[in-house]
Amino acid sequence: MSRDKMTMCDLAEEKDIEEMKIRAKGATWICSECGRSANKKEYICEPIEL
Ligand SMILES: [Zn+2]
């Protein structure tokens, strides 16, 4: 799977903290499933707006 198709939820499983840091900066979306946040809707599996 290519990195940019992965959600924060996938990245967390792989413990890709560096990529997660970039995506979490200025987060505007949060996952209602796993509670992770990101600055793009596409990065979240069940996005709700913050
Ligand atoms: Zn999720």
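This is a predicted model: local features need pLDDT of at least 70, side-chain atom pairs count only at pLDDT 80 or more; totals for chains, interfaces and linings use all residues.
Helices, in the sense used here, are DSSP runs of H or I with at least four residues, numbered from the N terminus. Arg-23 belongs to one of these runs, helix H2.

Along the principal axes, the C-alpha atoms fill a box of roughly 25 × 20 × 15 Å. Of the contacts in the chain with a separation of 6 or more, 19% join residues 24 or more positions apart.

The strands may be considered next. The 3 strands form an open sheet in the order S2-S1-S3, with antiparallel pairing. Strand S2 (37-38) and strand S3 (47-49) are the edge strands, each pairing on one side only. Strand S1, which covers residues 29-31, pairs with S3 in the antiparallel sense over 3 bridges. Within the sheet, Ile-30 stands opposite Ile-48 in S3.

In the protein chain, 20% of the 50 residues count as buried. The largest nonpolar core has 6 residues in all, namely Met-8, Leu-11, Trp-29, Ala-38, Tyr-43 and Ile-44. When residues up to four places away in sequence are not counted, Ile-44 touches Thr-7, Met-8, Trp-29, Cys-31, Arg-36 and Ala-38.

Arg-23 can now be placed in this setting. Arg-23 counts as buried because 22 C-beta neighbours lie inside 10 Å, the threshold being 20 or more. Neighbours within four places in sequence aside, Arg-23 is in contact with Met-8, Ala-38, Asn-39, Lys-40 and Tyr-43. Met-8, Ala-38 and Tyr-43 are among the residues of the largest nonpolar core. Arg-23 and Lys-40 are 17 residues apart along the chain, and their C-alpha atoms are separated by 7.4 Å.

Lys-15 is found elsewhere, in the loop between helix H1 (8-14) and helix H2 (17-24). Is this residue buried or exposed? Lys-15 counts as exposed, because it has 8 C-beta neighbours inside 10 Å, and the exposed class comprises residues with 12 or fewer.

Key:
Residues are numbered from 1 along each chain as its sequence is written. Two residues are in contact if their C-beta atoms, placed from the backbone, lie within 7 Å. A nonpolar core is a set of buried Ala, Val, Leu, Ile, Met, Phe, Trp, Tyr and Cys residues joined through C-beta atoms within 7 Å. Two strands pair if DSSP finds at least two bridges between them. Helices (H or I, at least four residues) and strands (E, at least two) are DSSP runs, numbered from the N terminus.
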